[in-house]
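User: Got a model I'd like to go through with you. Can we start with the strands and take it from there?
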Amino acid sequence: MRGRCSCLLIGLAYFCQTQPSYMRKLLSGIALIFFSLPALAQDRPGTLLWEVTMAGQPYRSYLFGTFHEVTPAFFASLPVASRKLDSASLLFVESLDTAQQSFSGHDAISGWSEQEWKALLSLEQQEVFMRFVKQSNNPGIYRYAPSILFLSLFRIYAQNFCDTTERDSNELMDSYITRFFLRQEKPVIALDEDQAAVLSGSVNGDSAIRQGPYAAYCINFMNLMLASDDSECRLIKDYKDLNLDYALDRELRGFDNLFTERNRRWCKTLTEAFNRNNCFVAVGFRHLFYKEGLIQQLRQKGYTVQPIPVK
């Protein structure tokens, strides 16, 4: 084996001397591959759980990316995550309001009109909208801005077409985690004191142009449900297979009010708590993604944030 390696090194050295230009390109390509491997491993770590520590401090906290609509039985099937939750002294969740599971949960942030919807939709899309309203027997759907209606439609689609196994209720994963922790008489803190106000602020800060893509998403999910089509369930499968791309070196485009600004505010609250407690943070998994996500923000503040197995 040693002889074969020596011959290979000699041959490589000779090739470098005789083909310097080509070799530089080859070595650059090899270097790019090897230097990219750690980043790829971080972006697709095959887990939903991240450990947060700070040098010189005794506390260990954990970030867990929830998928709100996935049945709580999935979290119960993750022994490491369950143990870390059980050992924490403080739990952070997005909101303590667990009622926002359907249209009725968003009544406080309605305010759109049929005319505003029609201004965003083509005639074909309007036809889909009208058919969906008729079938759902809920003409009040017009009152919801596209970004708010999208959240409700996605929740209904995910729970009724995608994640239907082992489900005996529409309880959110986050609600289950909160109940689990409260049974131990430990404190739970909401990162959003009034999530309805946050969502309302995101709508009021958006122009009709920025609401346009959400309107298209709404029509897509209406079409899927009208056709009883489960073809858009891939994201839930990827989540349950632990096959997520955290895209930690990419920037998040748009969604400033719903993600970026909230992440910045949450990070300030969390860092203060991490300095005094062993915490468990259960928030929507997309809040961990991208440069603006909680993982990278905590790293920028000097914390070591590492993925750990969830099972």
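Analyst: First the terms. Two strands pair if DSSP finds at least two bridges between them. Helices (H or I, at least four residues) and strands (E, at least two) are DSSP runs, numbered from the N terminus.

User: Before that, what are we looking at, and what are the ground rules?
Analyst: This is a predicted model, where local features need pLDDT of at least 70, side-chain atom pairs count only at pLDDT 80 or more, and totals for chains, interfaces and linings use all residues. Residues are numbered from 1 along each chain as its sequence is written, and side-chain values use heavy atoms, with hydrogens and water left out.

User: OK, strands. How many bridges join E3 to E5?
Analyst: Four, and the two strands run parallel. E3 covers residues 90-93 and E5 covers residues 279-284. Phe92 stands opposite Val281 in E5.

User: And which residue stands opposite Val93 in E4?
Analyst: Ala190. E4 spans residues 188-190, runs parallel to E3 and is joined to it by three bridges.

User: Are the faces of E3 buried or exposed?
Analyst: Buried, on both sides. Leu90 and Phe92 cover one face, Leu91 and Val93 the other. Buried means under 20% relative accessible area, exposed over 50%, partly exposed in between (1.4 Å probe, protein chains only). In a regular strand the side chains alternate between the two faces of the sheet.

User: Confidence next. What does the chain average?
Analyst: A pLDDT of 81, with 76% of the residues scoring at least 70. pLDDT is the predictor's confidence in each residue, from 0 to 100.

User: Where does pLDDT stay under 50?
Analyst: Over residues 1-40 and over residues 99-108. For residues 1-40 the model has five contacts beyond four places in sequence. For residues 99-108 there are 27 such contacts. Contact means heavy atoms within 4.5 Å. Where pLDDT is low, the predicted coordinates should not be read in detail.

User: Core now. Which residues touch the most other members of the largest nonpolar core?
Analyst: Leu63, Phe64, Phe129, Tyr239 and Phe280, in a core of 85 residues. Helix H10 (residues 208-226) gives the largest share, eight residues. A nonpolar core is a set of buried Ala, Val, Leu, Ile, Met, Phe, Trp, Tyr and Cys residues joined through side-chain atoms within 4.5 Å.

User: What does Leu63 touch?
Analyst: Beyond four places in sequence, its contacts include Trp50, Val52, Val281, Leu288, Ile295 and Val305.

User: Aromatics. How many pairs?
Analyst: The count is 25 aromatic pairs. Rings of Phe, Tyr and Trp (its six-membered ring) pair if their centres lie within 6.5 Å; planes under 30 degrees apart count as stacked, over 60 as edge-to-face and the rest as tilted.

User: Why is the Phe67 and Phe285 pair tilted?
Analyst: Because the planes are at 35°, with ring centres 5.2 Å apart. Phe67 is in the loop between strand E2 (61-66) and helix H3 (72-76). Phe285 is in the loop between E5 and helix H13 (294-300), 218 residues apart from Phe67.

User: How many salt bridges?
Analyst: 16. A salt bridge is a side-chain nitrogen of Lys or Arg within 4 Å of a carboxyl oxygen of Asp or Glu. Glu94, Asp192, Arg262 and Arg265 are linked in a network of them.

User: Which partner does Glu171 have?
Analyst: Arg179, with the closest N and O atoms 2.8 Å apart. Glu171 is buried at 16% relative accessible area, while Arg179 is partly exposed at 39%.

User: And where do Arg234 and Asp238 sit?
Analyst: In helix H11 (residues 234-240), four residues apart, so about one helical turn separates them. Asp238 is buried, at 14% relative accessibility.

User: Last one. What about Arg250 and Asp245?
Analyst: They form a salt bridge, closest N and O atoms 2.7 Å apart. Arg250 is partly exposed at 44% relative accessible area. Asp245 is partly exposed at 24%.
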